[in-house]
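Here is a short report on one protein model. Look at the structure first, then read on.

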Amino acid sequence: MIVERGLGPGDLIGTMDEFRDRSGYGRATISEAARLLNDRGSVEIRPGRGGGLFVAQPNPIVRLRHTLLTVRKMPTTVADAIAVREALEPLIAADAAQHRSRQDISDLRKHLTGLKRAMTSTDRFMRANWALHERIAEISPNHLARAVYLSMTRFITDLSEHADPDDGRDADYLRLRLDVHAELVDAIIAGDVERTMRAVERHHAPS
């Protein structure tokens with residue numbers, strides 16, 4: 001219908017009642033089909049009066065703090081995964097501060113060095129950032145929390161294509177984020193849980 005009518009982003013495709021009448025399928029089937037299309041980034045569902053199914057903007061963007069991720073599939077689900085990951089972060093970081101070993105400390109320092117070297121590219125910095133957080137999560141003895149956190153991180157990285165922009169405009173922001181992560185790593189290495197929690201709060205604070 002989008003192609004046949006030449007519809008563009010933001011155009012109304014039809015209401016749920018119209019789709020039900022045209023297809024002969026029930027409300028539950030139409031709603032599930034609309035949800036799947038929404039998760040794939042093809043359409044936008046708008047409830048209420050004047051609502052219905054609308055053509056989605058191309059290449060939906062999920063905002064992860066200041067950095068932008070280009071997500072072509074399931075942008076809503078990616079946003080949910082980010083929320084779950086961030087909710088688990090205090091537990092993961094506190095565990096790391098309490099249980100880090102000499103090998104963990106050595107690895108965290110190496111990952112922080114990798115983060116510093118990735119400063120020339122927003123995309124590389126984002127990937128190095130997530131690699132650091134995965135290594136922090138691997139320290140936690142809480143198997144369930146660790147598994148969920150890692151699966152959410154890998155789900156996000158698998159569906160995101162690159163960070164935008166990558167033209168040098170984010171240099172100041174990347175330096176700020178490097179400082180935030182350096183403090184987080186230092187706090188974990190020191191084994192100071194309170195300091196680690198403050199670092200997590202700073203990590204989640206809007207920049």
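## Helix α3

The buried residues of α3 are Ile30, Ala34, Asn38 and Asp39. Buried means under 20% relative accessible area, exposed means over 50%, and partly exposed lies in between (1.4 Å probe, protein chains only). Helices are DSSP runs of H or I with at least four residues, numbered from the N terminus. An α-helix has 3.6 residues a turn, so residues three or four places apart point the same way.

Helix α3 has 13 residues. From its first C-alpha to its last it reaches 18 Å, close to the 18 Å expected at 1.5 Å a residue. That expected span is 1.5 Å times one less than the number of residues.

## About the model

This is a predicted model, where local features need pLDDT of at least 70, side-chain atom pairs count only at pLDDT 80 or more, and totals for chains, interfaces and linings use all residues. Residues are numbered from 1 along each chain as its sequence is written, and side-chain values use heavy atoms, with hydrogens and water left out.

## Where α2 meets α3

Helix α2 (residues 16-23) packs against helix α3 (residues 27-39) at an angle of about 115°. Their axes are 10 Å apart. Axes are lines fitted to C-alpha atoms, for helices over the stretch in contact, and angles run from 0 to 180 degrees between N-to-C directions.

Which residues make the contact? From α2 come Met16, Asp17, Phe19, Arg20 and Ser23. From α3 come Arg27, Ile30 and Ala34. Contact means heavy atoms within 4.5 Å.

## The cores

The largest nonpolar core has 28 residues. Such a core is a set of buried Ala, Val, Leu, Ile, Met, Phe, Trp, Tyr and Cys residues joined through side-chain atoms within 4.5 Å. Ile92, Leu108, Leu115, Ile136 and Leu184 touch the most other members. Helix α8 (171-190) gives the most to this core, with eight residues.

Another core lies apart from it, with eight residues, among them Leu7, Phe19, Ala34 and Val43.

Is His181 buried or exposed? His181 sits in helix α8 and counts as buried, at 0% relative accessibility. Leaving out residues up to four places away in sequence, His181 touches Leu112, Leu115, Asn129, Leu132, His133 and His203.

Val148 lies in helix α7. Val148 is partly exposed, with a relative accessible area of 30%. Not counting residues up to four places away in sequence, Val148 touches Val84 and Leu88. Val148 and Val84 are 64 residues apart in sequence, but 8.5 Å apart in space, C-alpha to C-alpha.

Note on methods
Helix = DSSP H or I, 4+ residues; strand = E, 2+ residues; numbered from the N terminus.
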